[in-house]
Each structure stands twice: as C-alpha cells, then as structure tokens.
Amino acid sequence: MQDIFNTKDAQNYIDRINKLTPETIGKWGKMTVDQMLTHCNVTYEMVYEPQKHRAPSGIAKFILKKFVKPKVVGEKSYSQNSPTAPQFLIKERQDFDLEKKRLIGFIQKTQQLGREAFDGKESFSFGKLTAQEWNNMFAKHLNHHLDQFGV
C-alpha cells in the first residue's frame, strides 16, 4: 500500500487525479467523476472541516468501531460497488475543478502534516487511529476510486 505521508506517493495520487477530466467515465458504479472527487473529499472534511458533518451517536459509533472500522482501516482493498455510508453519498453534480483542487489540497496538507500528526488522532467515526490506520483509510479509498475512473 502506498504511503499518503510520503512525498513521492502523495505526488503519485495527485498525478493520477490530474489525469481526470470532466468527461472521464467510471468503469463501475453510478457516480460521475465530479461526484467521486466530492465523495473522496468527505474523508478529509471529517478531519479538517468536521463542522460540515454530524458526528455519529453513541450506538452508531459503537457499531462503526466494532464492525466497519476493521474494513475501512485494514489493508484489504475495497470491492467494486461496496456499500457507501450516507454522508458519503453525493447525489447532485459538483464543480469538477473546485472538487479536484480541494482533493489535491487535502492530500498535500495531509502529507505535509505527516505521520506524527495522525498517530493517535481521533477519527470522526472510529475513535483514535494509528498513523498506519489513517494511511490505510486514505490510500485505500483514493486507490479504489482512482482505479474506478481508470487513472
């Protein structure tokens, strides 16, 4: 798995994102490319702009930590057409250029903050995560959707 905190690996994600165009079509799923970029931004919004999203309640957070967390932060790749949490569903068309710029900015910020800033950092849904778990979550999600759109 690539290391989102590594300069070269982060740049690889950015290079892949820069290959996308507003006309890029997904190989599977229902999202348009602009919706996919927005969808990927949600993961970072929960870190850098948490006020945009509602925190899960006690019971929901328990379920997320117990059953969803291992799938999200583990190293096994997502399968095509995996279920999507409601806050990640993007129903409206989005501004491709804006969402692309935001995603690149989030990747750069994460890489620059580095592994140390994320080790033990509280996740919106899963409690405290190690830097490796953060990396797995970010890298796996990006790889999944960039593969979906053929870049």
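Buried means under 20% relative accessible area, exposed means over 50%, and partly exposed is in between, using a 1.4 Å probe and protein chains only. By that scale lysine 61 is partly exposed, because its relative accessible area is 22%.

Some ground rules before the tour. This is a predicted model, where local features need pLDDT of at least 70 and side-chain atom pairs count only at pLDDT 80 or more, while totals for chains, interfaces and linings use all residues. Residues are numbered from 1 along each chain as its sequence is written, and side-chain values use heavy atoms, with hydrogens and water left out.

**Helix α2**

Helices here are DSSP runs of H or I with at least four residues, strands are runs of E with at least two, and both are numbered from the N terminus. Helix α2 covers residues 33-48.

The expected span of a helix is 1.5 Å times one less than its number of residues.

**Salt bridges**

A salt bridge is a side-chain nitrogen of Lys or Arg within 4 Å of a carboxyl oxygen of Asp or Glu. The structure holds nine of them, including these:

| Lys or Arg | Partner | N to O distance |
|---|---|---|
| Lysine 52 | Glutamate 49 | 3.1 Å |
| Arginine 102 | Glutamate 49 | 3.4 Å |
| Lysine 61 | Glutamate 122 | 3.5 Å |

Arginine 102 sits in helix α4 (residues 96-113) and glutamate 49 in the loop between α2 and α3, so this pair links distant parts of the chain, 53 residues apart. Arginine 102 counts as buried, because its relative accessibility is 17%.

Lysine 61, in helix α3, and glutamate 122, in strand β1 (residues 122-123), also link distant parts of the chain, 61 residues apart. Glutamate 122 is partly exposed, at 44%. Elsewhere, shared partners join Glu45, Glu49, Lys52, Glu99 and Arg102 into one network.

**A nonpolar patch**

Phenylalanine 62 is found in helix α3 (residues 58-73). It is exposed, because its relative accessible area is 53%. Together with Ile59, Ile63, Phe67 and Val68, Phe62 makes a nonpolar surface patch of about 510 Å². Patch residues have over 30% relative accessible area and no salt bridge; like charges are joined within 9 Å, and nonpolar side chains (Val, Leu, Ile, Met, Phe, Trp, Tyr) within 5 Å. Accessible areas come from the Shrake-Rupley method with a 1.4 Å probe, and for residues only the protein chains shown count as cover.
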